[in-house]
Amino acid sequence: MRLALDIFTALAVAGGAFFFLAGTVGLLRFRDTLTRLHALTKADNLGLGLVTLGLLPLVAWPLGALKLISVWLFVQLSGAIATQLIARLVRREDPQA
Amino acid sequence: MVSFLLAAAIFILAMVALGLFRVFCGPTDVDRMMAVQLLGTGGSAVLLLLAVAVEIPAIVDVALMLALLAAFAAVTFVTSASGSPAAAEDATDSR
Amino acid sequence: MSMANAFDVALVALLLAIAVWVVVARAAFSAIVVFIAYGLLVAIAWVRLFAVDVALTEAAIGSGLTGMLLLGAAARLRGTTASGRCGLTLRIVAAMFCAMISLGLGAVILTPPDVVVTLAPAAMANLPPSGLGNPVAGVLFVYRAFDTLLEKVVLLLALLGVWSLTPDRLWGGVPGPQVDAGPDGMLAFLAQLLPPLGIVVAVYMTWTGADHPGGAFQGGTVLAAMWIVVIIAGLQNAPSIDQRLVRFLVVVGPAIFLGIGLAGFALADGFLSYPAGYAKPLIIVVEVALTLSIGVTLGLVALGTPQRMRRQ
Amino acid sequence: MNAATLFGICGAALAGLGLFGLITNSEPLRKILAFNLLGTGTFLIFGVVARRGAAAGLGGDPVPQALVITGIVVAFSATAMAVVLLLRLFEESGKATLDPNEADGASTAEDDS
């Protein structure tokens with residue numbers, strides 16, 4: 001059981017790290033601002049999400065887990081709205097984008 | 001397991017730090033803000049990994065703080081760049 | 001080299017690179033954006049130094065409020081890029097001078113002290129009578145309460161300083177932007193959703209501060225941040241600075257702290273000492289009042305001088 | 001080299017860098033940034049002192065840690081004050097510079113804290 005959980009953690013955290021890699025590569029390599037924004041949201045959602053998921057078996061139940069999940073939810077909420085606002089700003093400054 | 005979590009933390013830190021090159025090349029201020037947004041998320045992930053790796057649960061609170069204030073910089077930026085909150089909303093669905 | 005060491009080395013390298021960038025960056029806006037990233041990384045460094053209380057403060061202030069303040073200022077000063085930097089000679093002299101300071105400090109760090117001076121056992125010994133579990137909170141409210149009281153006074157002085165820079169015609173006016181957005185839209189949505197959650201976090205930070213890292217200051221900072229989000233989203237006007245309620249909220253925390261401190265003369269051993277058995281409840285009263293005052297004061301300091309008169 | 005020493009060296013370097021920026025950057029806003037770098041460098045050195053004083057089952061000496069928290073608050077107060085001074089200077093003179101030759105409208109060269 002312990003081993004299975006460890007493997008789960010390793011897989012999920014590695015997956016999360018991969019999405020941070022993807023987010024950075026996207027941010028650096030994509031051509032225009034809006035597609036870069038799209039790459040950024042992948043790291044926000046999946047990167048942090050998978051890291052959180054992977055750490056869940058390792059923290060105290062239930063309060064530690066609750067805090068861990070709320071970190072992710074806060075980033076979801078504020079990240080989603082912040083990227084919306086940024087995208088609107090881009091569109092207003094350059095309607096062709 | 002501890003080494004693995006720390007290695008993951010180093011990897012994520014390095015990744016989001018690489019993202020800071022966007023601040024360097026821009027081209028617009030929006031791109032620069034995006035790099036900081038990524039660093040905020042990555043910083044939260046690194047702190048969560050550290051909290052578990054060094055077994056100090058209170059570090060999760062620091063991540064909580066970062067997550068709560070993550071949008072703060074972006075919101076200030078958007079409102080100040082557009083002059084007023086109303087102007088920020090003008091762009092709503094102008095397709 | 002262990003993984004933990006590798007992490008520290010990576011973090012330090014990143015911090016130094018970013019600090020150089022802040023100093024040499026050409027555009028002020030880039031420097032500010034990088035500085036926000038820097039504040040965030042410093043918070044992680046504090047975690048690595050086993051100072052979680054400091055990390056919380058740095059995360060809230062260093063990258064949160066300071067970043068907001070600087071971004072706002074940069075937007076107002078846009079297009080006024082002042083002259084570049086000073087002459088080469090002065091720069092070389094300054095570089096040598098600063099290198100000497102760094103080397104001196106570095107030498108002090110590298111010379112291991114013969115006797116490690118630590119007040120940790122003394123702080124721990126003083127902890128049980130206070131009923132607190134967090135040694136840093138113990139130091140802040142029992143061991144060196146005087147510093148903490150004066151820190152709040154400094155914060156009040158900063159607010160007075162900010163207000164005293166108000167132009168005469170705007171005295172008693174309202175700081176911050178004006179309410180003009182309709183209550184719908186993304187920003188308003190965020191400002192309606194985030195503050196309730198933030199208030200929960202602020203209460204948690206203040207409450208948990210007795211036994212775990214956290215405390216009045218961290219809680220107050222979260223309150224201030226939430227208040228500012230509501231104001232810049234245009235959901236609510238900031239209060240005009242001549243309102244009695246505002247002034248009451250700003251002073252209530254330090255006043256209660258001072259009052260309890262003075263009561264120490266009559267009821268306990270002297271200034272800022274608590275009567276035996278009542279330390280924890282008194283500290284909690286002080287902390288709650290301080291959280292409120294710090295929230296309002298920090299918010300008003302960050303909003304700056306009044307921009308317009310109250311609408312008639 | 002242990003972690004505390006490493007962060008100590010980092011703090012020393014940051015303090016020097018901050019001071020350099022404070023002296024050589026003529027833009028007031030950049031001076032404020034450099035002042036904050038100098039501050040965090042100093043605080044980190046305090047943090048190292050605290051870490052080395054780890055005793056009584058704690059990760060660090062709580063007294064310097066508490067001092068740093070106070071320091072961060074005071075540094076923020078000073079930063080906020082300096083930013084407001086700068087904005088006011090800009091409103092009065094239309095320029096955000098400390099150079100008396102450039103600030104035509106400004107009566108004297110203001111000193112930023």
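Select residues 186-208 of chain C, helix α8: at 1.5 Å a residue its 23 residues should span 33 Å, and the end C-alpha atoms are 32 Å apart, which agrees. The expected span is 1.5 Å times one less than the number of residues. Helices (H or I, at least four residues) and strands (E, at least two) are DSSP runs, numbered from the N terminus. This is a predicted model, in which local features need pLDDT of at least 70 and side-chain atom pairs count only at pLDDT 80 or more, while totals for chains, interfaces and linings use all residues. Residues are numbered from 1 along each chain as its sequence is written, and chains are lettered from A and ligands numbered from 1 in the order in which they are written.

Centre on L194(C), where α8(C) has a kink of about 30 degrees, shortly before the proline P195(C). The bend at a residue is the angle between axes fitted to the seven residues ending there and the seven starting there. Both L194(C) and P195(C) are among the buried residues of α8(C), which also include M186(C), L187(C), L190(C), A191(C), G198(C), V201(C), A202(C), M205(C) and T206(C). Buried means that 20 or more other C-beta atoms, placed from the backbone, lie within 10 Å of the residue's own. An α-helix has 3.6 residues a turn, so residues three or four places apart point the same way.

Next take residues 244-267 of chain C, helix α10, whose 24 residues should span 34 Å at 1.5 Å a residue; the end C-alpha atoms are 32 Å apart, which agrees. Here the kink is about 40 degrees, at V252(C), shortly before the proline P254(C). P254(C) is buried, and so are V250(C), G253(C), F257(C), I260(C) and G261(C). To see what the buried residues of α10(C) pack against, show α7 and α11 of chain C.

## A perpendicular pair and an antiparallel pair

Which residues meet where α5(C) packs on α6(C)? Select A123(C), M124(C), N126(C), L127(C) and S130(C) in α5(C), then P135(C), G138(C), V139(C), V142(C) and Y143(C) in α6(C). The two helices pack at about 75 degrees, with their axes 9 Å apart. Axes are lines fitted to C-alpha atoms, for helices over the stretch in contact, and angles run from 0 to 180 degrees between N-to-C directions. α5(C) and α6(C) are therefore roughly perpendicular, the word for angles of 65 to 115 degrees. Their contact has seven nonpolar, three polar and no charged residues. Ala, Val, Leu, Ile, Met, Phe, Trp, Tyr, Cys and Pro count as nonpolar, Asp, Glu, Lys and Arg as charged, and the others, Gly among them, as polar.

Move to chain D and select residues 28-52 (α2) and 62-93 (α3), which pack at about 175 degrees with axes 10 Å apart. That makes α2(D) roughly antiparallel to α3(D), as angles over 145 degrees are called. Among the residues that meet are G39(D), F43(D) and F46(D) in α2(D), and G71(D), I72(D) and A75(D) in α3(D). By class, this contact divides into 15 nonpolar, six polar and no charged residues.

## Between the chains

Now select chain B, which has six helices and zero strands. Of its 95 residues, 71% count as buried; in chain C, buried residues make up 52% of 312. In chain B, 45 residues are in contact with 43 residues of chain A. The largest share of the chain B side, 14 residues, comes from α3(B). By class, that side has 33 nonpolar, nine polar and three charged residues.

Chains A and D do not touch, and their nearest C-alpha atoms are 21 Å apart. No contact joins chains B and D either, whose closest C-alpha atoms lie 10 Å apart.

Key
Contact = placed C-beta atoms within 7 Å. Parallel < 35°, antiparallel > 145°, perpendicular 65-115°, else oblique. Buried ≥ 20, exposed ≤ 12 C-beta atoms within 10 Å, placed from the backbone.
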